[in-house]
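Keep the sequence and the view open while reading.

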Amino acid sequence: MLGLFKNSLDNKQKIIIFYMDSNNQVTERYVRVLEIKENSILAYCYYRKKVRTFNMENILSAGKVRKKVGA
């Protein structure tokens, strides 16, 4: 996952993360990583339209955003 975060940071690319929030709910977030810290990432969250901190231990999975085909 760290490589994906570094790629998002270096190339200003949007990624998707599945995140366990403070209410133990799994949420799907589209983010762009702004800073990688020891135990968290600072990222722009497209859902909240704000810069947010995501704890590494609460990120369940992450992946590249696939481009839509057609349209």
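Helices (H or I, at least four residues) and strands (E, at least two) are DSSP runs, numbered from the N terminus. By that naming, K12 lies in the loop between α1 (2-11) and β1.

## Basis of the model

This is a predicted model: local features need pLDDT of at least 70, side-chain atom pairs count only at pLDDT 80 or more, and totals for chains, interfaces and linings use all residues. Residues are numbered from 1 along each chain as its sequence is written, and side-chain values use heavy atoms, with hydrogens and water left out.

Burial follows relative accessible area: buried means under 20%, exposed over 50%, and partly exposed in between (1.4 Å probe, protein chains only). K12 counts as exposed because its relative accessibility is 61%. Its phi is near 55°, a positive value in a residue other than glycine.

L9 sits in helix α1. L9 counts as partly exposed because its relative accessibility is 30%. The C-alpha atoms of L9 and V31 are separated by 10 Å. Along the chain, those two residues are 22 apart.

Strands count as paired if DSSP finds at least two bridges between them. β1 and β2 run antiparallel and are joined by six bridges. In this pairing, I17 stands opposite R29 of β2. The hairpin has five residues between its strands.

One of the residues in this loop is N24. N24 is not a glycine, yet its phi is positive, at about 60°. N24 counts as exposed because its relative accessibility is 59%.

Two conventions apply here. Lys and Arg count as positive and Asp and Glu as negative, while His and the chain ends are not counted. A salt bridge needs a side-chain nitrogen of Lys or Arg within 4 Å of a carboxyl oxygen of Asp or Glu.

What is the nearest side chain of opposite charge to D21? It is R29, 5.4 Å away. D21 is buried yet has no salt bridge. The side chain of D21 does reach the backbone nitrogen of N23, at 2.9 Å. The cut-off for a polar contact is a pair of N or O atoms within 3.5 Å; within protein, one must be able to donate a hydrogen and the other to accept it, and residues adjacent in sequence count only if both atoms are side-chain atoms.

β2 and strand β3 (residues 40-45) run antiparallel, joined by five bridges. E35 has L42 in β3 as its bridge partner. The two strands form a hairpin with three residues between them.

β3 then pairs with β4, again in the antiparallel sense, over six bridges. Here S40 stands opposite N55 in β4. Four residues lie between the strands of this hairpin, and K49 takes a positive phi near 60°.

## A nonpolar surface patch

Which residues form the nonpolar patch on the surface? They are Y30, Y46 and V65, with about 230 Å² of accessible area together. Patch members have over 30% relative accessible area and no salt bridge; like charges are joined within 9 Å, nonpolar side chains (Val, Leu, Ile, Met, Phe, Trp, Tyr) within 5 Å. Areas come from the Shrake-Rupley method with a 1.4 Å probe; for residues, only the protein chains shown count as cover.

Y46 is located in the loop between β3 and β4 (50-55). Y46 counts as partly exposed because its relative accessibility is 32%.

## β5 and the segment after it

G63 is part of strand β5. G63 counts as buried because its relative accessibility is 18%.

R66 falls in the segment after β5 (59-64). R66 counts as exposed because its relative accessibility is 77%. R66 and I15 are 51 residues apart in sequence. In space, C-alpha to C-alpha, they are 9.0 Å apart.
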